[in-house]
Amino acid sequence: MVNTSVSLCGVKLKNPVVPASGTFGFGYEFSDIYDINILGAISIKGTTKEPRFGNPTPRIAECTSGLINSVGLQNPGIHAVIEKEIPRLREVYSNPIISNISGFSIDEYVYCCEKINEVKDVDIIEVNVSCPNVHNGGMSFGTLPENVEAVTKAVKKVTTKPVFIKLTPNVTDITSIAKACEQGGADGISLINTCQGLRLDLNKRKPIIANKIGGFSGRAVFPIALRMVWQVYEAVKLPIMGIGGVATAEDVVEMMMAGATAVQVGAENLVNPYACSDIINSLPSVMEKYKIKDLNEIIGVAHQ
Amino acid sequence: MKQSYLKVLTNEKLTANVCKMTLMGDVSAIERPGQFVNIAIDGLFLRRPISVCDVEDNVLTIIYKVVGKGTEKMSYMKGGEILDILTGLGNGYFTDLSGEKPLLVGGGVGVPPMYKLCKELIKEGKEPTVILGFNTKSEVFYENEFKALGVTVFVTTVDGSYGIKGFVTDAIKEVGEYTYLYTCGPEPMLKALYNAVTTSGQFSFEERMGCGFGACMGCSCKTKYGNKRICKDGPVLVKEEIIW
Ligand SMILES: Cc1cc2nc3c(=O)[nH]c(=O)nc-3n(C[C@H](O)[C@H](O)[C@H](O)COP(=O)(O)OP(=O)(O)OC[C@H]3O[C@@H](n4cnc5c(N)ncnc54)[C@H](O)[C@@H]3O)c2cc1C
Ligand SMILES: Cc1cc2nc3c(=O)[nH]c(=O)nc-3n(C[C@H](O)[C@H](O)[C@H](O)COP(=O)(O)O)c2cc1C
Ligand code: FES
C-alpha cells in the first residue's frame with residue numbers, strides 16, 4: 001500500500017490531484033461522469049463580486065498541445081456562488097473545496113474573501129491575482145510585487161481560512177512575486193495561471209479570439225510551470241499547488257519532486273473529462289514504479 | 001454524455017469537400033436529433049464537434065466539410081480506425097412543439113442534423129417539408145436521401161445552377177402552410193429565417209468550443225432567457241430567446 005494523502009495548511013487531501021479553476025465548472029457537472037469524491041479537492045470557477053458574462057466569443061483557439069482561452073471570468077457572482085453553486089456541489093461531494101476569487105480592485109478581493117470566509121463548506125481560499133487592476137490602467141495585480149503584497153495583506157486581514165495566492169507566469173521574476181506573497185502573510189502559493197498567447201486566423205488575417213490575446217495553457221506549458229514551481233520552492237517556505245500542463249500521474253510526481261504539495265489539472269479536463277480520474281487511478285502504480293511509498297517523501301526532493 | 005470508442009465503418013465523399021462517415025459502437029447516449037458528438041483526433045489538442053446526422057441501432061452517421069486540419073485528417077480515414085468520441089452532447093431539437101406540418105431548413109453542413117430530425121417527425125406521424133440550401137449545384141448533397149423518406153424537398157442554390165435560384169428564404173413561399181421551423185446553418189441564414197418565418201421555431205448555433213460539455217464557459221452566448229452555453233444549454237435555441 002502506498003500513501004497518496006497530503007496536507008495543505010492542515011487541510012487533508014486524500015490525494016494531491018485537484019481540478020483547476022475554470023476547467024471544472026462548479027464541480028457538480030462532472031458528478032454525472034464519475035464519482036468526484038475520488039478527487040483530492042476541487043478548485044471552483046473564479047468568482048467576482050458581481051455576475052459577469054465575460055468576454056465576447058470566439059473565446060477559444062486551439063494550439064499545439066494546448067489552447068488559448070479568453071473566457072474573461074464568466075461567473076454568476078459571489079452571492080450566487082455562495083447561495084447556489086457551493087451548496088449544489090456539497091450535495092454530491094464531501095472532500096475539500098477551494099474557492100477561487102478574482103477582483104478588479106483590492107476592495108473587490110476583500111469583499112469576496114470576507115464573504116467566502118463565512119462559508120463553512122469552503123476549506124481554502126485561492127486568490128487569483130492575474131486579473132487586470134482597474135485602478136492601475138488595467139495592468140495585472142500579479143505582475144508587481146507591491147500589488148501582490150497589498151492584495152495578500154488585505155485579504156488576510158478579513159479571513160481565517162488558509163489563503164493561497166495564485167500567480168500569473170507573465171512576469172520577469174516569479175521569485176520576487178512569491179516573496180511578496182510570503183511578506184503579505186499568504187499561507188500558500190498556487191502557480192501557474194495561463195501564459196499570454198495569440199493565434200491568427202489566416203483566412204481572415206485576424207486574431208481567432210475576439211479579445212485578440214488570451215491565456216495559453218495545456219500540456220505545452222508543463223515545463224514552464226515546472227520551472228516556476230522549482231524557483232518558487234527555493235525562494236519561499238510556503239506550500240505550493242503546482243499547476244500547468246499536468247496530464248498524467250507522472251506529471252504529478254514530477255511537479256511534486258519540483259516542490260509542489262498538491263497539483264492542479266486544468267485544460268486536460270476539457271479534452272479528457274476523465275483526466276483527473278485517470279490520473280488518480282494510475283497514481284499508485286506510478287508511485288510503485290518510482291519506488292515512492294509516501295508522496296510526502298518526494299515534495300521538493302529534486303532540490304536535495 | 002458518454003465517452004465511446006467508435007469504429008469507422010465507411011468514409012466516402014458526397015461532394016468535392018464534404019464527406020459522410022459511419023461509425024459503429026455504443027451510441028446509447030444520443031437521445032435527440034440536433035445533438036452533436038465531439039471527436040478526438042490524433043495529434044490535435046481539441047476535439048471536433050460534429051452534428052449527429054443519423055443514428056440507428058449502434059451505427060452513427062456524420063457528415064462533415066473539410067475546412068482545416070482535423071476534418072482533413074478525418075477525410076483520410078479508410079475504415080477500421082477506432083475514434084475516441086464524446087457522444088450525446090447538447091440539447092438537440094424537441095419534436096413536441098412541431099405541430100402537424102413542420103418546416104425543416106438546412107444550409108450547407110447545416111443539412112445533416114435535419115435528416116434524423118425528419119425521420120423522427122415522420123415517425124411521430126407529422127408531415128415535414130424540407131428546404132436544403134447550397135451555393136451551387138456541385139455542393140448539393142442528401143436531396144435523394146430526404147426524398148427517400150417520402151417528404152417534399154426543395155433545393156436552393158445561390159447561383160441558380162440547381163433547383164430554386166436564391167436563398168432558402170426564397171423557397172419558403174413555395175412551401176405553403178407550415179406550423180413550425182427547425183433550422184441549422186450559417187448564422188446569416190439563421191437570421192434571415194428568423195425574420196422571414198411567421199411561426200415559432202428552433203435554431204441551431206455554432207461556436208468555437210473548449211470542452212463541448214459545459215465545463216469551460218468557452219462557448220457562451222446571451223439569450224433573453226439568460227446566459228447559455230452553446231455546447232450544453234444549446235446548440236438549439238428557441239426563436240423567442242434569441243438575441244442577434
Ligand atoms: C455544435 C456543432 C455542430 C457542428 N456540426 C457540424 C457538422 O455536422 N458538419 C460539419 O461539417 N461541421 C460541423 N460543425 C463545424 C465543425 O466543428 C468545424 O468545421 C470543425 O471543428 C473544423 O475543424 P478543423 O480541424 O477541420 O478546422 P480548423 O480550422 O483546423 O480547427 C481549428 C479549431 O477551430 C475549431 N473550429 C473551426 N471551425 C469551427 C466551426 N465552424 N465551429 C466550431 N468550431 C470550429 C475547431 O474545432 C478547432 O478547435 C459543427 C460545429 C458545432 C459547434
Ligand atoms: C477555460 C479556462 C478557464 C480558466 N478560468 C480560470 C479562473 O476562473 N480562475 C483562475 O484562477 N484560473 C483560471 N484558469 C487557469 C487554470 O486554472 C490553470 O491555472 C491554467 O490553465 C494552467 O493549467 P493547465 O495547463 O492545466 O490548463 C482557466 C483556464 C482555462 C483553460
Ligand atoms: S465549450 Fe466548454 S462550456 Fe461550452
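I took the centres of domain 1 and domain 2 of chain B over C-alpha atoms and got 23 Å between them. Domain 1 of chain B covers 2-89 and domain 2 covers 95-206, with bounds from an automatic or database domain assignment.

A note on conventions: this is a predicted model, where local features need pLDDT of at least 70, side-chain atom pairs count only at pLDDT 80 or more, and totals for chains, interfaces and linings use all residues. Residues are numbered from 1 along each chain as its sequence is written, chains are lettered from A and ligands numbered from 1 in the order in which they are written, and side-chain values use heavy atoms, with hydrogens and water left out.

Next I looked up the area buried between domain 1 and domain 2 of chain B (accessible area lost on being put together, 1.4 Å probe, summed over both); it is about 1200 Å², and carbon and sulfur atoms give 68% of that. Pro33(B), Cys53(B) and Ile63(B) supply 38% of what domain 1 of chain B buries against domain 2 of chain B, more than any other three residues.

I also found three salt bridges across this interface of chain B (side-chain nitrogen of Lys or Arg within 4 Å of a carboxyl oxygen of Asp or Glu). Lys116(B) pairs with Glu56(B) in a salt bridge, closest N and O atoms 3.6 Å apart.

Then I turned to Glu62(A). Is Glu62(A) buried or exposed? Glu62(A) is buried, at 15% relative accessible area, because buried means under 20% (1.4 Å probe, protein chains only).

Technical notes. Buried means under 20% relative accessible area, exposed over 50%, partly exposed in between (1.4 Å probe, protein chains only). Buried area is the accessible area (1.4 Å probe) that two parts lose on being put together, summed over both.
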